Amino acid sequence: MAYRFQIIPIRLSFASFRHVTSNDIIPTMRKRNALKSVFLTLTTIVVVVALWLGHTRISSTLFDWTGETEPLQQLKGLTDLSSDLLRPKPRTDDMAPVEYADVNPFGINTFLEQEVDPKKRELAMKMIADAGFHWVRQEFPWEDIEISGKGDFWDHKWNHSAWDKYDQIVDLAHKYHLELIVRLSNPPAWTRKQGDAIGTYAPPDDFNDFGDFVAAVVSRYKGRVHYYQIWNEPNIYPEWGNQPVNPEEYTKLLCIAYRRAKAVDPNVVIVAGALASTIELGPRDMNDFVFLQRMYNAGAKNCFDIMSMQGYGLWSGPTDRRMYPRVINFSRPKYIRDIMIKNGDAHKAIWISEMNWNAVPDSVPDKRYGQVTLQEQARYVPMAYQRIQRDWPWIGVINYWYFKRATDEWEREKKPEAYFRMVEPNFKPLPVYFSMRKYTHRTPILYQGHHQETSWALKWIGSWKETSVHGAEFGEAMIAEAAGDRLEFDFEGNALALRLLGQGNVEIAVDGKNFEIESPQNGSHKLIRLHKGVHHVMLMAKSSGVAVDAVIVWK
């Protein structure tokens, strides 16, 4: 993980503008300035009154808008929000069908390959499962598997197969009912004519060597690992080596990896390399918006199934709603979503590869990632998951950065990276471990959005079967194989619709009140209006053949 900051002029457009004359501009600017002035005056009065009264409820409300806890920062946050009124809003299409967004959202990053003792790897997996996480994002470093040369998967230093460690990690994931997101990166020195002189993370001279490695990994774990991420933070130094970052070259690498992986196992899902948030324009670091658009221009659209990015909160909390391209905060995924929609990828999810707040102590001088207390970290992280689930239905997995390191090396070196951990090197849990364990064990709820039949929040009871169905949004739907098959779930909102396919009748009970739907036509949406709140739904198939393709919730 890394971030780069530099205050520079940057022109980014998130909407189309008509041509205007000076006669149009002057009155418009006057109106906008007047609006801004009124808003600034009102927000200033609100904050001053709040400070004078010391009202905790108002302070809490201001935190919900700005993500700031200190009064002066809350005031600044409100003025920033007033400026947002004058900028084009990113388009997010929150009600669009999105694939791979309705998965269990709870993921965590690990460094299991650094644990020498296999028992410690297992203890880590057990604690992760006990905390309620479902996903483990784990690197399978190329340099640690194909170590000495092309096709050589033997660890000559320790005289055993280089696969052994990774075989155990895959076995442990299955044992504890966890799913792996395997990150493939870090080429060995032999893949570059200059060796490590160009940087240990630099891409290989021949991208086909990487394609061969990807194919080897996918082949070995076919049917056991389904999600692969290609590279990490390709838009910043040093993740592309000691050379300028290059979105076109990364796209070439990504496309080769995509084709080789799919050739071995058509069912694998390819996650693009996580983009780091930065406002710099190169050559060592490139703004994530610019980098992504250049990826699309180079043909990346057909070379990944899921987009990914980093989602650090840095200097403000998870409720920070300010939208300004030169401010890096928790709302940044909306800009990435906007770019994806403009390039025809509204149906693709974004996964957050790394997310957290830095609980660096005062004794560490480096505060580049911001600073929160351990208690604030424990409070912010569940709030971040909650905001994403409630507001951004196009985001799937959110991976906490990170579970633990094998040693306390970062801490001894006074690196702030040490204080993203959830568990200390000796496996002692920190407060965020317990707050997340409490949050993950809550009953799943569907929030506003267009949810697929594969959603983790849906409970299928009986003999339902997911199968290919003509007219289904992503090719498949859940079909009732017998009368009496049931679907149950909770949702928060004031309206519900079901996208039904197939033949037969269903009976729906919402909070105990029955609604019967007869002979659904393919693709029909059956709308039920309710009062705002949390509701429980029970759908029963009155005959076989009924297919459920999607559940749509409005708030």
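What is the volume of the largest pocket? In this predicted model, local features need pLDDT of at least 70 and side-chain atom pairs count only at pLDDT 80 or more, while totals for chains, interfaces and linings use all residues. Residues are numbered from 1 along each chain as its sequence is written, and side-chain values use heavy atoms, with hydrogens and water left out.

**View 1. The largest pocket and its lining.** Here is the answer: about 770 Å³. A pocket is an open set of points on a 1 Å grid over the protein atoms alone, where a 1.4 Å probe fits, with protein on both sides within 12 Å along at least five of seven lines. The volume is the space filled by probe spheres set on the points, which are joined across faces, edges and corners. Lining residues have an atom within 4 Å of a point; there are 34 of them, and Phe111, Tyr201, Glu239, Arg405 and Trp410 lie nearest the centre. Strand 1 (106-110) and strand 2 (135-139) each give at least two lining residues, and strand 2 supplies the largest share, three residues. Strands (E, at least two residues) and helices (H or I, at least four) are DSSP runs numbered from the N terminus.

**View 2. Trp163 meets Tyr221.** Rings of Phe, Tyr and Trp (its six-membered ring) pair if their centres lie within 6.5 Å; planes under 30 degrees apart are stacked, over 60 edge-to-face, and the rest tilted. The structure holds 35 aromatic pairs. In this one, the centres are 6.0 Å apart and the planes stand at 75 degrees, so the pair is edge-to-face. Trp163 lies in the loop between strand 4 (160-161) and helix 5 (164-175), and Tyr221 in the loop between helix 6 (207-220) and strand 6 (227-232), so the pair ties together parts 58 residues apart in sequence. Trp163 is buried at 6% relative accessible area, and Tyr221 is buried at 2%; buried means under 20%, exposed over 50%, and partly exposed in between (1.4 Å probe, protein chains only).

**View 3. Trp231, Trp240 and an aromatic cluster.** Trp231 and Trp240 form an edge-to-face pair, 5.7 Å centre to centre with 65 degrees between the planes. Both residues are buried. Ring pairs also link them with Trp142, Trp190, Phe210, Phe213, Tyr250 and Phe291 in a cluster.

**View 4. Charges over rings at Phe304 and Phe63.** The charged end of Lys348 sits over Phe304, 3.9 Å from the ring centre. Arg379 lies over the face of Phe63, at 5.2 Å from the ring centre. The cut-offs are NZ of Lys or CZ of Arg within 6 Å of the ring centre and within 35 degrees of the ring normal.
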